[in-house]
Amino acid sequence: MSRMNKNIVCIGAGYIGGPTMAVVAKMNPDRKVVVVDINAERIKAWNSKGYDLPIYEPGLVDVVKEVRGRNLFFSTDIRKAVKECDIVFVGVNTPTKMFGRGAGRASDLQYWEATAREIKEWATGDKIVVEKSTLPVRTAAAMDAILNDHAKYGFTVLSNPEFLAEGTAIKDLLEPDRVLIGGPSTKAGAAAVAEIVSIYRGKGGRWVPAEKVLTTNVWSAELTKLAANAMLAQRVSSVNALAGLCEATGADIDEVARVIGADRRIGPKFLKAGPGFGGSCFKKDVLNLVYLCESFGLHTAAEYWSQVIKMNDHQQERIVSRLFKEMFNTLANKKIAVFGFAFKADTGDTRETPAGTVVRLLDEEHVRISITDPKAIPNAKKDLADLQGIEYQTDPYKAAKGADAVLLMTDWKDYPGLDWAKIFKSMRKPALVFDTRNCLDAAALRKLGFKVLNIGK
Ligand SMILES: NC(=O)c1ccc[n+]([C@@H]2O[C@H](COP(=O)([O-])OP(=O)(O)OC[C@H]3O[C@@H](n4cnc5c(N)ncnc54)[C@H](O)[C@@H]3O)[C@@H](O)[C@H]2O)c1
């Protein structure tokens, strides 16, 4: 392998590429980091003078202010960046494939393969190519074959899946539970892994402690990311399956989950009943795992993981069924104010948001829908552009005015502190609140005169 430089390019300036590279640049002031994308609008937003960044993450603006122009750069010139940087992270999107073989389950790898071919075309020396996107097992082998077939230079492909959660991305990046780097057991593989480990250790070893940087073979790394997301999604579906039973029996899911979570073998996190998981990753990654199991003839395992998705879809249908029942079996022309559209608090991301599914089901019932959210209104408008007559309000009081029900879908931290007496007064009676996140004070709301529904109680 020829001598390489320490510069980093990341292809893909999305929810993963942007925040990850901002923190990589912060912790490695001696490395130049360039984030590139084919989406010129996104790059323009990353470069905007007023820091009007394309995604919202708590703490992100401060990191970008510190490093942009110092050693972090955003650009659309992919060719130049690939030429100048010998370490290439690839964080492009890998959505579920919607056509042909594996439609609805497999990963669509066209963006990834296109990127690999671009790297090969524009390289002027050896490169370390790092998979940051979540990819099916053995993608690295395919990429290795494409990159190294009749190539002028040597390419070493590593897998470094990202475990950050949206909404806490900067904190997760600064203090990760673990960093995972998978590499081939060749001499070049070991050298490439050591280089990526040194990035995560940070300048002077000030970033991730050595014991938290885990190295494996490439396939283990690829599978671990899918498996970790599947296990998290499975916890959500398990607790939501129990929530329905709690509603039927008079048990309280929050009490049940608290006691289950006190068992150290289980732990308290990700045991919150709610409207089901959303976000760009869980559904896609579980479907991908299902497809992998099927491809290897493991049909019972495939069926097992499919149930995680089925349970999640069912949870959203159940929300609408309960509203229907509680609102006298007719929703037509009633007004429902949807509080929160983002798939979780502290993000503007609405990909696969449960609120989207619920709004579409309500729309089928001819509900008059008013949506409020502090960060996600622009994305909600795009997602629901095909629906007529949806009202969008940044002010929750305006959204609730004249409504028959408030349907809380995202646990934004401002919602419990709203003036609920004022909201009650402005609504049509009987006034219902369906708190699908169990984050409001139900007893206080009942005192004000609301009828209150929760998940799992
Ligand atoms: N969002 C998360 O929380 C999260 C967490 C862990 C892993 N991941 C994984 O990271 C990957 C990226 O996810 P994301 O949420 O950042 O997606 P995203 O859609 O926000 O960003 C991907 C970006 O890649 C760009 N792109 C696509 N093809 C390109 C090409 N050929 N050249 C240059 N740019 C190109 C797109 O324009 C887009 O801006 C996915 O595989 C996802 O599963 C995401």
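Colleague: How far apart do the C-alpha centres of domain 1 and domain 2 lie?
Modeller: This is a predicted model, in which local features need pLDDT of at least 70 and side-chain atom pairs count only at pLDDT 80 or more, while totals for chains, interfaces and linings use all residues. Residues are numbered from 1 along each chain as its sequence is written. Domain 1 spans 8–216 and domain 2 spans 250–457, with bounds that come from an automatic or database domain assignment. The separation of their C-alpha centres is 33 Å.

Colleague: How many residues does each domain give to the contact?
Modeller: Two residues are in contact if their C-beta atoms, placed from the backbone, lie within 7 Å. On that basis domain 1 gives 15 residues, and the number from domain 2 is 16.

Colleague: Which residues are the closest to the ligand?
Modeller: A residue counts as near if its C-beta atom, placed from the backbone, lies within 6 Å of the molecule. The ligand is surrounded by 26 residues, and the closest are Gly 12, Gly 14, Tyr 15, Ile 16 and Ser 133.

Colleague: Which helix gives the largest share of the shell around the ligand?
Modeller: Helices (H or I, at least four residues) are DSSP runs, numbered from the N terminus. The largest share is three residues, and they come from residues 110–122, helix α5.

Colleague: How many nonpolar residues does the contact of α9 with α10 have?
Modeller: From α9 come Val 239, Leu 242, Ala 243 and Cys 246, and from α10 Ile 253, Val 256 and Ala 257. Ala, Val, Leu, Ile, Met, Phe, Trp, Tyr, Cys and Pro count as nonpolar, Asp, Glu, Lys and Arg as charged, and the others, Gly among them, as polar. No polar and no charged residues take part, and the nonpolar count is seven.

Colleague: At what angle do α1 and α3 pack?
Modeller: Helix α1 covers residues 17–27 and helix α3 residues 60–67. Their axes are 9 Å apart, and the angle is about 50°.

Colleague: How many charged residues does the contact of α1 with α3 have?
Modeller: Pro 19, Ala 22, Val 23, Ala 25 and Lys 26 of α1 meet Leu 60, Val 63, Val 64, Glu 66 and Val 67 of α3. By class, eight are nonpolar, no residue is polar, and the charged count is two.

Technical notes:
Helix = DSSP H or I, 4+ residues; strand = E, 2+ residues; numbered from the N terminus. Axes fitted to C-alpha atoms, helices over the stretch in contact; angles between N-to-C directions.
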